[in-house]
Amino acid sequence: MNLLLAEDDALLADALCAQLRRAGFEVEHAPNGAVAEYLLVKQGFDAAILDIGLPMLDGLTVLSRVRVARPGLPVLLLTARDALEDRVQGLNAGADDYLTKPFDFPELEARLHALLRRARLGVAGAGGPGVGCGHLLLEPEARRATVDGQALELSPREWQLLELLVTQRDRVVTKEQILQTWGADGGEAPTNNVIEVYIHRLRKKLEGAGVGVRTVRGLGYLMETQAS
């Protein structure tokens, strides 16, 4: 797997690159946000590790810009801050997972493999033709979602959440079902609070699609068509 590590701490970057290569990854290092953005847009990396506190461009800015060109790229954020609002901010910017410094390398490696497995599961999808709902069309084999022919930019977890809601449309999807879907590959599933972040992001992306995600208090979420 071809991986980009964006980290401005030279000692930490050297150590992580060496460990990741020993673990079987091909690694390229970016020392600042500007280089990271350029490489992620121009080269076909399988995943990225972004430190939030990058010079020139911070990691969140890099992530939000890269998401336009690479919506499905698995991204793990590194942060020295563990406050809930910082984690939510990172997820809102498009991160698939986060890791708080200091951390042990085995945990970083495990989270990377979980992100890559989720991405592969999303690409594989479920067979069969596209599934329509309002102006939204899901094509599982291509892992593609469009609204009136315009592609939606979705991270791997956003795709899995949308696919679950659409295939279960007009039925309530519980938070437990969402956590099971995200954790089906054996990776560490996020918390209930993180689900709400992803639901909020998905609602914004579905504006004008003729569908909506309704919160059913105490039960879960319901995908339903909306009147034109």
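Start by selecting Arg-201 and Tyr-198: Arg-201 lies over the face of Tyr-198, at 4.6 Å from the ring centre. A charge counts as sitting over a ring if NZ of Lys or CZ of Arg is within 6 Å of the ring centre and within 35 degrees of the ring normal. Before you click on, note that this is a predicted model, where local features need pLDDT of at least 70 and side-chain atom pairs count only at pLDDT 80 or more, while totals for chains, interfaces and linings use all residues. Residues are numbered from 1 along each chain as its sequence is written, and side-chain values use heavy atoms, leaving out hydrogens and water.

Now colour helix α8, residues 192-205. Helices here are DSSP runs (H or I, at least four residues), as are strands (E, at least two), numbered from the N terminus. The buried residues in α8 are Val-194, Ile-195, Val-197, Tyr-198, Ile-199, Arg-201 and Leu-202; buried means under 20% relative accessible area, exposed over 50%, and partly exposed in between, with a 1.4 Å probe and protein chains only. An α-helix has 3.6 residues a turn, so residues three or four places apart point the same way.

Next, pick Leu-179 in helix α7 (residues 175-182). Is Leu-179 buried, exposed or partly exposed? Leu-179 is partly exposed, because its relative accessible area is 22%.

Jump to Trp-182 for another charge over a ring: the charged end of Arg-157 sits 5.5 Å from the ring's centre.

Then show the open sheet of four strands, in the order β6-β7-β8-β9 with antiparallel pairing; two strands pair if DSSP finds at least two bridges between them. The edge strands, β6 (131-133) and β9 (150-151), each pair on one side only. Zoom in on β6 and β7 (residues 136-139), which are joined by three bridges, and find Gly-132 opposite Leu-137. Helix α6 (residues 156-167) packs on the sheet and touches β6, β7 and β8 (144-147), its direction making about 110 degrees with that of β7. Contact means heavy atoms within 4.5 Å; axes are lines fitted to C-alpha atoms, for helices over the stretch in contact, with angles from 0 to 180 degrees between N-to-C directions.

Last stop: Thr-146, in strand β8. Thr-146 counts as buried because its relative accessibility is 5%. Leaving aside residues up to four places away in sequence, Thr-146 touches His-135, Leu-136, Leu-137, Ala-151 and Leu-152.

Methods
Expected span 1.5 Å × (residues − 1).
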